Amino acid sequence: MSMDVAALGRWGIDSLRELGRAGLLLLRVVFRLPDFKKGFPLVMQQVYAEGVLSLLIIVVSGLFIGMVVALQGYHTLVKFGAAQQLGPLVALSVTRELGPVVTALLFAGRAGSAVTAEIGLMKATEQLSSMEMMAVDPLRRVIAPRLWGGFISMPLLAIIFNTVAIYGAYLVGVKWLGLDAGAFWSNMQTSVDFHLDVINGLIKSVVFGLVIVWIALYQGYYAEPTSAGIANATTRTVVYSSLATLGLDFVLTAMMIGGW
Amino acid sequence: MLSQRTIESFVGLFLLAAMMALMVLAFKVSGLTSFFKPKSYTVIAMFDEIGQLKVRSPVKMGGVLIGEVSSITLDPQSFKAIVKMDIDHRFNEIPDDSSANILTAGLLGDNYIALTPMYSQTFLKSGSTIEDTHSAMILEKMIGQLIYKLGGGSSSKASTTTSNTSNASDSNKIDDSNHNVDTQKRIQK
């Protein structure tokens with residue numbers, strides 16, 4: 001019995017310590033004097049690796065999610081004779097929820113896992129410690145650009161996802177199911193508010209982006225420097241960042257609906 | 001490994017694509033028009049009851065969109081709703097004795113203002129007031145009036161069966177009132 005309690009206590013202390021280490025890592029990356037001249041090209045490379053290379057999966061899933069939501073929504077709305085409200089249905093569900101959340105989940109799988117694996121391997125092959133030997137700060141050279149790269153890419157990807165999904169819905173609703181294009185857009189415009197729906201969705205995606213790269217960087221930086229350790233770290237990145245995304249999504253939605 | 005220049009061009013394209021997508025979200029999806037307002041003039045109308053009318057609700061004439069509601073306030077003296085609407089400057093020859101109705105688009109749709117043109121030779125201009133206004137229909141009030149009328153009609157009939165206290169009389173009453181609703185509907189038709 002007392003052994004179980006001790007194990008619980010040890011687990012609690014370990015988790016807290018891990019959280020503290022992750023917090024310190026974030027603190028050391030974020031709160032430091034930026035060196036724009038050296039940092040900018042590195043951040044660009046990471047925006048390319050995390051953002052541009054994720055575009056394909058984002059665009060394709062956005063298109064199909066928009067089309068599926070339109071199809072499902074039409075099927076239900078037509079029972080109430082409210083098929084004209086398909087535009088608002090799709091636009092609101094995509095900009096408010098599906099856009100930020102699905103983009104974040106895909107981003108965690110596509111970019112987060114890659115970041116963890118890359119940094120974990122750098123650590124296992126002692127590239128990070130050799131950088132320190134050469135008086136290059138790995139936090140500044142390796143970690144910070146990846147954090148800012150994810151921070152920048154994620155909202156951009158979410159914007160693109162939203163737009164593509166809405167055009168996917170347009171494709172299904174107007175071109176295939178034969179709704180009126182004017183009603184589709186004008187109903188959408190009357191019910192979607194730029195600040196409440198679009199901007200709040202983007203705020204969500206900024207938060208998700210930061211949290212996902214943070215988790216990915218932490219898992220990579222403190223990964224056990226073995227092949228099994230890197231595999232575990234990559235898995236944990238995807239699991240933790242997906243859970244964090246969904247949990248934070250609820251908290252943020254509750255805050256936004258409550259008007260902050 | 002791609003050269004820095006290639007990477008930067010890709011990132012630039014990515015940023016451009018995202019900005020264009022944001023423009024689409026802003027103007028096409030959420031209809032954000034406050035940055036580039038089309039030229040318009042403001043007309044005022046006072047309503048007793050505006051129902052679910054909101055700022056940015058459409059203003060239509062003959063079913064065609066000609067403007068939108070720009071502000072809604074309550075007059076502190078007369079307690080009427082003051083609705084200001086921006087009307088596209090292309091439609092600058094609307095007679096000033098036109099009437100303004102608040103209608104509902106479909107059964108579940110949003111409210112909008114419908115202007116009905118009349119025959120005056122003077123036209124609405126910026127700041128002028130539409131005198132002839134008709135309030136929004138409130139469904140609850142209409143149902144309330146209907147029930148009130150039905151209640152008044154059926155009470156005399158119901159009094160003939162009050163001596164009967166069994167359940168059957170209750171169902172009779174219901175039948176009676178159903179019958180009344182039917183006749184009422186027929187009369188309305």
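1. Glu126(A) counts as exposed, at 53% relative accessibility. Exposed means over 50% relative accessible area, buried under 20%, and partly exposed in between (1.4 Å probe, protein chains only). Glu126(A) sits in the loop between helix 4 and helix 5 (127–133) of chain A. Its phi is near 60°, a positive value in a residue other than glycine. Helices here are DSSP runs of H or I with at least four residues, strands are runs of E with at least two, and both are numbered from the N terminus.

2. This is a predicted model: local features need pLDDT of at least 70, side-chain atom pairs count only at pLDDT 80 or more, and totals for chains, interfaces and linings use all residues. Residues are numbered from 1 along each chain as its sequence is written, chains are lettered from A and ligands numbered from 1 in the order in which they are written, and side-chain values use heavy atoms, with hydrogens and water left out.

3. Ala135(A) has a positive phi of about 65°, although it is not a glycine. Ala135(A) lies in the loop between helix 5 and helix 6 of chain A. At 73% relative accessibility, Ala135(A) is exposed.

4. Now the packing. The largest nonpolar core has 55 residues. Such a core is a set of buried Ala, Val, Leu, Ile, Met, Phe, Trp, Tyr and Cys residues joined through side-chain atoms within 4.5 Å. Phe184(A), Met188(A) and Val29(B) have the most contacts inside this core. Helix 1 (4–29) of chain B supplies at least two of the core residues, as do several helices of chain A, including helix 7 (181–191) and helix 8 (194–221). Helix 6 of chain A gives the most, with 13 residues. A second, separate core of 22 residues includes Tyr41(B), Val69(B), Ile94(B) and Ile102(B).

5. What does Val29(B) touch, not counting residues up to four places away in sequence? Its contacts (heavy atoms within 4.5 Å) include Ala91(A), Ile166(A), Trp185(A) and Met188(A) from chain A, and Val24(B) from chain B.

6. Val172(A) lies in helix 6 of chain A. Val172(A) is buried, with a relative accessible area of 5%. Not counting residues up to four places away in sequence, Val172(A) touches Met67(A), Ala70(A), Leu71(A) and Leu177(A). Val172(A) and Val68(A) are 104 residues apart in sequence, but 8.4 Å apart in space, C-alpha to C-alpha.

7. Helix 4 and helix 6 of chain A pack at an angle of about 145°, with their axes 7 Å apart. Axes are lines fitted to C-alpha atoms, for helices over the stretch in contact, and angles run from 0 to 180 degrees between N-to-C directions.

8. Chain B has an open sheet of eight strands in the order 7-1-4-3-2-6-5-8, with mixed pairing. Two strands pair if DSSP finds at least two bridges between them. The edge strands are strand 7 (129–130) and strand 8 (132–134), and each pairs on one side only. Strand 5 (residues 99–104) of chain B runs parallel to strand 8 of chain B, joined by three bridges. Ser99(B) stands opposite Asp132(B) there.

9. Two hairpins follow in chain B. Strand 2 (residues 58–61) and strand 3 (residues 64–74) of chain B pair antiparallel over four bridges. Two residues lie between them, and Gly62(B) in the turn has a positive phi of about 60°. Strand 3 of chain B also runs antiparallel to strand 4 (residues 81–88) of chain B, over seven bridges. In that hairpin, with six residues between the strands, Phe79(B) takes a positive phi near 55°.
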